[in-house]
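Hi there,

Here is the structure I promised to pass on to you. Please have a look at it first, and then read my notes below.

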Amino acid sequence: MIKKFIALYIALLLVVSTAYAAAPPDLQTVARSVDQHYNHLRSLQAEFTEIYRGAGMDRTESGTLWLKKPGKMRWEYRSPKDKLFLSDGKDAWFYLPSDKQARKTPVRKLEDLRSPLGFLLGKTRLEKELQGLGFAPDIAAVTPGNMVLRGVPKNLAERVNQVLLEITPDNRISRIVIDEVDGSTTEYRFTEQKENVGIGDERFRFTPPPGVETIDGELGQ
């Protein structure tokens, strides 16, 4: 009789634990966990792949990304060709060595899709920044075990239909997909993320090399 009771008790525990494991994650919990993860970081380094589809073209580029509080970022592209996009929190630069041109614009006027990532560290509020934030069960995660969220960024609502965020079990953003109103899609995948690494401020400063023309205005891609 005691053995039957123990067996029944174990079976009940298994049913309860299985139901708990199968319970869907809570959106607020997931969002706040991601917020807390990034808000406690001082810096971040990652390898990135950028995939653009639109205007009859498919383009894949890759390189290294550095982020540092407050609002500093550096996208250093290495493949298929060198180019640089960076911001010191005040001004942003886009430099393409093959064109011998460097474009400069104040961050407050920047509409580049990469620019919001510069403020990822220390100011993350997914539920505030993304309208209609929710799960995207119809979108398959690139990595099994990750979950995908969707929303519309408030400051880019006229340009962007939706943003997809792929979240890892340890609350990191491993992929961002931006669907624009013109039908184009830009995807960023992040790997080899290193947190709170030492990054000097000089990495976010840019001085045009000799012979390079400086142009004030909108940045390129």
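**What I found**

Let me begin with Ala31, which touches Leu126, Glu127 and Leu133, leaving aside residues up to four places away in sequence. Please keep in mind throughout that this is a predicted model. Ala31 sits in helix H2, and it counts as buried because its relative accessible area is 0%, with the limit for buried set at under 20%. Another pairing to look at is Ala31 with Leu149: the two are 118 residues apart in sequence, yet their C-alpha atoms are 9.0 Å apart in space.

Arg32 belongs to helix H2, which covers residues 27-39. Its relative accessibility is 45%, so Arg32 counts as partly exposed.

Now for the chain as a whole. It has 4 helices and 12 strands. Of its 221 residues, 43% count as buried. The chain exposes about 12,700 Å², and carbon and sulfur atoms supply 54% of that area. If you take the contacts between residues at least 6 apart in sequence, 50% of them join residues at least 24 apart.

Asp91 is in strand E5, residues 91-96. With a relative accessible area of 17%, Asp91 is buried. What does Asp91 touch, not counting residues up to four places away in sequence? Its contacts are Leu86, Lys104, Thr105, Pro106 and Val107.

Ser174 has its place in strand E10, which spans residues 173-180. Ser174 has a relative accessible area of 14% and is therefore buried. Leaving out residues up to four places away in sequence, Ser174 touches Asn146, Glu166, Thr168, Tyr188, Arg189, Phe190 and Gln193.

A few points about the backbone may also interest you:

- **Lys69 and Pro70:** a cis peptide bond joins these two, with omega at about -10 degrees. Pro70 lies in the loop that runs between strand E2 (57-68) and strand E3 (72-79).
- **Ser79 and Pro80:** a cis peptide bond is found here too, with omega at about 0 degrees. Pro80 is in the loop between E3 and strand E4 (83-87).
- **Ala55:** phi is near 55 degrees, a positive value in a residue other than glycine. Ala55 is in the loop between strand E1 (43-54) and E2. Its relative accessible area is 75%, so Ala55 is exposed.
- **Asn196:** phi is near 55 degrees, again a positive value in a residue other than glycine. The loop between strand E11 (185-195) and strand E12 (213-216) holds Asn196. Asn196 counts as partly exposed because its relative accessibility is 29%.

Happy viewing, and do write back with any questions.

Best wishes

Conventions: Residues are numbered from 1 along each chain as its sequence is written. This is a predicted model: local features need pLDDT of at least 70, side-chain atom pairs count only at pLDDT 80 or more; totals for chains, interfaces and linings use all residues. Side-chain values use heavy atoms; hydrogens and water are left out. Helices (H or I, at least four residues) and strands (E, at least two) are DSSP runs, numbered from the N terminus. Buried means under 20% relative accessible area, exposed over 50%, partly exposed in between (1.4 Å probe, protein chains only). Contact means heavy atoms within 4.5 Å. Accessible areas come from the Shrake-Rupley method with a 1.4 Å probe; for residues, only the protein chains shown count as cover.
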